[in-house]
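Reader: Please take me through this structure. I want the criteria behind each label.

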Amino acid sequence: MSIEESHDDGGHQMPAVEDWPRGFGEASWWPFVTAVGAAGIYAGAGLYVVGQGDNAPVGPMAGPAAFVGSIGLLLAGLYGWVYHAFVSHFWEREEGGDHGNTLKWGMIAFLGSELATFGAGFGYYFWIRAGAWPPGELPELTGSLVLGNTVLLVLSSITLHWAHIQIRKNKRGKFISGLIATLLLGIIFVGGQVYEYYEFIVHSNFTLTSGLFGSAFFGLTGLHGLHVSLGAVFLGIVLVRTLAGQYSAERHVSVSTASMYWHFVDVVWIFLVVVLYVGAEVGGAG
Amino acid sequence: MEITEQIALTVLMGLFLVGIAAWLARVENWRTYSPVGGGATGGEAAYGSEEKPSGLIRWLTTVDHKDIGMLYGAFAIFAFVAGGLMVIVMRAELMDPGMTLISNTFYNSLLTSHGITMLFLFATPIIGAFANYFIPLLIGADDMAFPRINAIAFWLLPPGALLIWAGFLPIPEVIPAQTGWTMYTPLSAGVGSGNQANAGVDLMLLGLHLTGVSATMGAINFVATIFTERGENVSWANLDIFSWTMLTQSGLIIFAFPLLGSAIVMLLLDRNLGTAFFVNGGSPILWQHLFWFFGHPEVYIIVLPPMGLVSLILPRFSGRRLFGFKFVVYSTLAIGVLSFGVWAHHMFATGIDPRLRASFMAISLAIAIPSAVKTFNWITTMWNGRLRLTAPMLFSIGFVQNFIIGGVTGVFLASIPIDLLLHDTYYVVGHFHYIVMGAITFAGMAGLYYWFPLFTGRMYQRRLAKIHFWLWLVGSNVTFLAMVLLGYGGMPRRYATYLPQFATLHQIASLGAFVMLAGGLVWTYNFVVSWLEGPHVEDADPWNLKENGLRTNEWAWFEQKRETAITDGGEESETVTDGGEKVTDEE
Ligand code: HEM
Ligand SMILES: [Cu+2]
């Protein structure tokens, strides 16, 4: 049977025609590679734990090595997958409005799951916050750094939204500058977070193991920081694709989905600042 | 010495794996003339052509929802056999009060692993098998919304299983987890004088997290598929019942599993990096809240789609449509929402605030209402119907029977004063096994028998199927009723030994388990033999659904596939075949 474009005439769409292995409509190695990479990360973490102690059956470096190697494999798999599923032949692929809808619903469902991921961490924080407060000495939380970082992140949402409007008007130049601005703001934000960690850990002696609030603080901000970084990766992919000439006023689904993700992460940050930074300081009768 | 032994072992392991690969490849070749697997029956010989590679590579690279469904099914059944054999050893140990066959610690390891295997590696994946294979066919979609994510989600499962079972593998210094499937802190945090600080627990937690990621990816895919990939003639109003339950289930997974995932990460941090989430000054009881906020929805995650299967299958053999279809859908949605509001009924005995406790009791009792709505709908569907007692129908009826007992025992547990007496006794074990084995697994069997002709092109042996059913129906009721009675007598759960006064009931329970084992053997034999050499089905409507106007889309697809003998589940326009394809291998 032929697997050429003739399939568009209402027949079964072959999802993976040009994929590796080439020439098969429904076969791709990338999911398998991606999954092996992801599983390897877990195995690496497991090996790390197994490698602790004196009689450990594996060396202490086996875990980290497997971990890093697997991340490489995961990235390779993700690249192959995303490339073949979305990027290659962008303009030839006829993308009905339906497909965009699918991706948006996928993103909405994913954001729902993210809500739950954060939910457990916030659940912990509210749990300890409802108990005797403060649970120990708190570091200086609300300062100019948090304020500045918050402004940066809010600003980045605005620039991204602006960029999104520009691509809808087909103004590529403005779209690109908006994207770059957003990305820069995001990266500065992450830098600010790293600096804050440095201050807390080195100067205030406030770490992950500093008891109840330390667990909550580093757990939640760490989780959030990971999300900002991931969002930056999404935006980076969008930027590269833009520079390669993709997207138009009609065709920019991944701009929309990446924006949804970015705005979500932004909202989580504001919530986090209010309850974790400000909330820890107000009302806590010594 | 040690080193050479290790190397030798590694080489041996490698050879073994290569052997398996070679054997699989051989099986694949042999399959080409004797169609035994895959989503398609006829014309598999042509897979050397352009849709899918042949042999093992086809299965490793597939992004076809039907193939992925088959992979899920194979994985789930493997896990079911593994978890089943674990419990057979446990039931053998429980034949007498003392510690005879295995040690207490090994019993606890099996207990933990049995629960986790059955819930996360069998129940969730077997649902994934049916859903992947049939949802796109039922709703007239080309495939799942994200075929590659679908494949990734599946391939996360086998490594997850390996990690979960890692404690049983011969890795020095690593022992199996003995925390129970609920992994209560502080025990699971590894503090204190126990042996649960062992890396085996960490590996299990990591594996569990990985399978959770897999389930979440699958759920996102189902939501996107059902929302946006429905065919032109499939509207919300005529969406089939199985898809409805899958949609609800996926919603539950999306909000429940990631929460468990975060809790697991917190536990891992507590164990390894000295954080204070649940121990080291943190709150052990918080684990229970987080766990059950996930855990109660989880029980509905694994029961709703089987309810959907029964709601789909039961009417086909009653000669009429599902009674009160709308109410079955509404009750599904109601259960989905309510299931997030009842978690503390697992914690009545922990001393939480009595006012909270009472409100959780109220919602738990309320959730019995939509459950009962469904039950009455199934019964009224059969009422005055023209029942055909085929194997899938028998298993569906068995489902209803067992679900009634499981549900009624649940309502009693939801009542605080009764629960305080029965909590942590065998009564609870009886209650949920009536549902997880008696109902969920029965529904899975109904599905497997019902669609056996569709995915093998052959018919199973009806006599053996009925023997299987009766062995399981009798076996499960003997075992689980004995457990309920043991609970009334005060027998606590999770012990390898017990007081002599419980001996008789324990022996009865074990007897029932062995009867189920026998049934399982009959089933295995029947499936393997029928798959290999059962008679080919004569037409594409083996259950004669057409005459009652009860045929659903997947059978229409089957008919088309048989007519055109194409291999990819295509539609009307795709009548082109490769040269050399055997179109007539069925008849
Ligand atoms: C009619 C609705 C139901 C009610 C009111 C109900 C109520 C309860 C209650 C109160 C408990 C806690 C008993 C205790 O530990 O003291 C319980 C335990 C349990 N139920 Fe249900 N239940 C219902 C349906 C189900 C369903 C449909 C499933 C499975 C799919 C299920 C699975 C379980 C499990 C696994 C446990 C034990 C968890 C453990 O401690 O290991 N239940 N049920
Ligand atoms: Cu419950």
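**Ligand, domains and contacts**

Author: The shell around ligand 1 splits into twelve nonpolar residues, nine polar and one charged. Here Ala, Val, Leu, Ile, Met, Phe, Trp, Tyr, Cys and Pro count as nonpolar, Asp, Glu, Lys and Arg as charged, and the others, Gly among them, as polar. This is a predicted model: local features need pLDDT of at least 70, side-chain atom pairs count only at pLDDT 80 or more, and totals for chains, interfaces and linings use all residues. Residues are numbered from 1 along each chain as its sequence is written, while chains are lettered from A and ligands numbered from 1 in the order in which they are written.

Reader: What makes a residue part of the shell around ligand 1, and which are the closest?

Author: The C-beta atom, placed from the backbone, must lie within 6 Å of the molecule. 22 residues surround ligand 1. The closest are B:Val299, B:Gly410, B:Leu413, B:His423 and B:Phe432. Helices H9 (284-316), H11 (354-382), H12 (391-414) and H14 (426-456) of chain B give two or more residues each. A helix is a DSSP run of H or I with at least four residues, a strand one of E with at least two, numbered from the N terminus.

Reader: Why is ligand 1 said to lie between two domains?

Author: Both domain 1 (68-308) and domain 2 (389-534) of chain B give residues to the shell, so ligand 1 lies between them. The bounds come from an automatic or database domain assignment.

Reader: What counts as contact between these domains of chain B, and how many residues take part?

Author: Two residues are in contact if their C-beta atoms, placed from the backbone, lie within 7 Å. In chain B, 23 residues of domain 1 are in contact with 21 residues of domain 2. H4(B) gives the most to the domain 1 side, with seven residues. That side has 16 nonpolar, four polar and three charged residues. The C-alpha centres of the two domains of chain B lie 20 Å apart.

Reader: Why are H6(B) and H7(B) called roughly antiparallel?

Author: The axes of H6 (residues 157-165) and H7 (residues 199-228) of chain B cross at roughly 160° and come within 7 Å. Axes are lines fitted to C-alpha atoms, for helices over the stretch in contact, and angles run from 0 to 180 degrees between N-to-C directions. Under 35 degrees is roughly parallel, over 145 roughly antiparallel, 65 to 115 roughly perpendicular, and the rest oblique. H6(B) and H7(B) are therefore roughly antiparallel.
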